Amino acid sequence: MRNTRKILIALVVVLAMMMSVATLFASAASQPETLYLTPNANWKQSNARFAAYFFGNGETWVSMTDADGDGVYEVKVPTDKVYPSVIFCRMNPSATANNWNNKWNQTADLTVPTDGPNHYTVKEGTWDSGGGTWST
């Protein structure tokens, strides 16, 4: 009886762990590979650069680029963990490190989209946490 109980407990623990891993992989698969940012006119001033701060399951900073010069900045979503949240930041161009000391402006805390829209446009006329919209 005692061994049966131990086996049952072990089985429940293993099943719970397997479900957690499956949920983690499903969440990672539904996140976009790339996020896009269109800064407003305010954010484009002073030759600013841009970075994304991913958080909620640890934290990491990633620099954004505009490789094709179209005014839309891209960032690869980190794949080391599932980060449920992101903040887009306008950064001091004379500093190379991505951190809060070098941040000039930021969006509000945003949820990394899992349903299609992966392009964030900062609302015109705003500086910090002023809103914006997700689109495809």
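Contact here means heavy atoms within 4.5 Å, and the model to which this is applied is a predicted one.

Q: Which residues is Met 64 in contact with, leaving aside its neighbours within four places in sequence?
A: Met 64 is in contact with Leu 35, Leu 37, Phe 50, Ala 51, Ala 52, Tyr 73, Glu 74, Val 75 and Phe 88. Met 64 is also among the residues with the most contacts inside the largest nonpolar core, which has 18 residues, and the largest share of this core, 3 residues, comes from strand S2.

Q: Why is Phe 88 called buried?
A: Its relative accessible area is 0%, and buried means under 20%, so Phe 88 counts as buried.

Q: What makes the aromatic pair of Phe 88 and Trp 134 tilted?
A: The planes of Phe 88 and Trp 134 stand at 55° with the centres 6.1 Å apart; because planes under 30 degrees apart count as stacked and those over 60 as edge-to-face, the rest being tilted, this pair is tilted. Since Phe 88 lies in strand S5 and Trp 134 in strand S9, the pair ties together parts that are 46 residues apart in sequence.

Q: Why is the pair of Tyr 120 and Trp 134 called edge-to-face?
A: The angle between the planes of Tyr 120 and Trp 134 is 65°, and an angle over 60 counts as edge-to-face, so the pair formed by Tyr 120 and Trp 134, at 5.2 Å centre to centre, is edge-to-face.

Definitions and conventions. Residues numbered from 1 in each chain as written. Predicted model: local features only at pLDDT ≥ 70, side-chain atom pairs only at ≥ 80, totals over all residues. Heavy atoms only, no water. Core = buried A, V, L, I, M, F, W, Y, C linked by side-chain atoms within 4.5 Å. Buried < 20%, exposed > 50% of the residue type's maximum accessible area, 1.4 Å probe, protein only. Helix = DSSP H or I, 4+ residues; strand = E, 2+ residues; numbered from the N terminus. Phe/Tyr/Trp six-rings, centres within 6.5 Å; stacked < 30°, edge-to-face > 60°.
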